[in-house]
Amino acid sequence: MNIRKKEFYAYCAGLFDGEGSVYISRTEGHKYRNEPSQLKRGNLGVYNALVVKITNTNRKCLEFIKNRIGGNIWTYQEKRGKSPKPQHTLNLRSDYGLKLLSKMLPYLIIKKEQAKLGIKFQLQMTEDRKKMGGIGYKVSQEQLEWRNNIREQIKKLNRAAAETNHRDSLMEK
């Protein structure tokens, strides 16, 4: 399919607004536990990453995005219902997520604020990584607080959107 860049990112934005999510993952402790070079540097703390996901029952539309942006597609099938369809999730972490969010931003409606925070987070992570000489650097308390603040802001926006969607669905019945 031949599609121009603007159309491609508008298409992605529509999928993301309806079926996507952005959040900051947080993993504590185990990332560098067994690597002596990291132990010397004192890195047994927190690892954060930007995560952008789009879920759909149509794998082909997610592969279309993956082939242009990157990322991974996970497939799972719940055993509820009579004939549940498999769910496919395109997972974009860190710089891949940044690329997609940045390009979709002008077209987003519902999740624009979450996208802006995700972009801000990843740009700061990239800057910190460059300043500190790559991954595995010691993070200051100030950096941890800043990361957690962005993470909590995104969670709050996601919860508010979920509550609005739930109210809207109840009103439709």
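Reader: What should I know before we start?

Author: This is a predicted model, where local features need pLDDT of at least 70, side-chain atom pairs count only at pLDDT 80 or more, and totals for chains, interfaces and linings use all residues. Residues are numbered from 1 along each chain as its sequence is written, and side-chain values use heavy atoms, leaving out hydrogens and water.

Reader: Why are α4 and α5 called oblique to each other?

Author: Helix α4 spans residues 94-104 and helix α5 residues 112-132. Helices here are DSSP runs of H or I with at least four residues, strands are E runs of at least two, and both are numbered from the N terminus. The two helices pack at about 140 degrees, with their axes 9 Å apart. Axes are lines fitted to C-alpha atoms, for helices over the stretch in contact, and angles run from 0 to 180 degrees between N-to-C directions. Under 35 degrees is roughly parallel, over 145 roughly antiparallel, 65 to 115 roughly perpendicular, and the rest oblique. So α4 and α5 are oblique.

Reader: Which residues make that contact between α4 and α5?

Author: From α4 come S94, D95, L98, L101 and S102. They meet α5 residues including A115, G118, I119 and Q122. Contact means heavy atoms within 4.5 Å. By class, this contact has 5 nonpolar, 5 polar and 2 charged residues. Ala, Val, Leu, Ile, Met, Phe, Trp, Tyr, Cys and Pro count as nonpolar; Asp, Glu, Lys and Arg as charged; the others, Gly among them, as polar.

Reader: What makes α1 roughly perpendicular to α4?

Author: Helix α1 (residues 5-19) and α4 pack at about 105 degrees, with axes 9 Å apart. That angle makes α1 roughly perpendicular to α4. Y9, C12, A13 and F16 in α1 meet K99, L100, L101, K103 and M104 in α4. The residues of this contact divide into 7 nonpolar, no polar and 2 charged.

Reader: Why do β1 and β3 count as edges of the sheet?

Author: The open sheet has 4 strands in the order β1-β2-β4-β3, with antiparallel pairing. Two strands pair if DSSP finds at least two bridges between them. β1 (20-28) and β3 (72-76) each have a single partner strand, so one side of each is left without a neighbour in the sheet.

Reader: How do you know that β3 and β4 pair?

Author: β3 and strand β4 (residues 87-93) are joined in the antiparallel sense over 5 bridges. I73 stands opposite L90 in β4. Helix α3 (residues 59-69) packs on the sheet, touching β2 (46-56), β3 and β4. α4 also packs on the sheet, touching β1, β2 and β4.

Reader: Why is F8 called buried?

Author: F8 lies in helix α1. Buried means under 20% relative accessible area, exposed over 50%, and partly exposed in between (1.4 Å probe, protein chains only). F8 has 0% relative accessibility, so F8 counts as buried. Leaving aside neighbours within four places in sequence, F8 contacts I3, F64, I65, R68 and I69. The C-alpha atoms of F8 and F64, 56 residues apart along the chain, are separated by 9.5 Å.

Reader: And what makes L117 buried?

Author: L117 is in helix α5. L117 has 12% relative accessibility, and therefore counts as buried. Beyond neighbours within four places in sequence, L117 is in contact with I150, Q153, I154 and L157.
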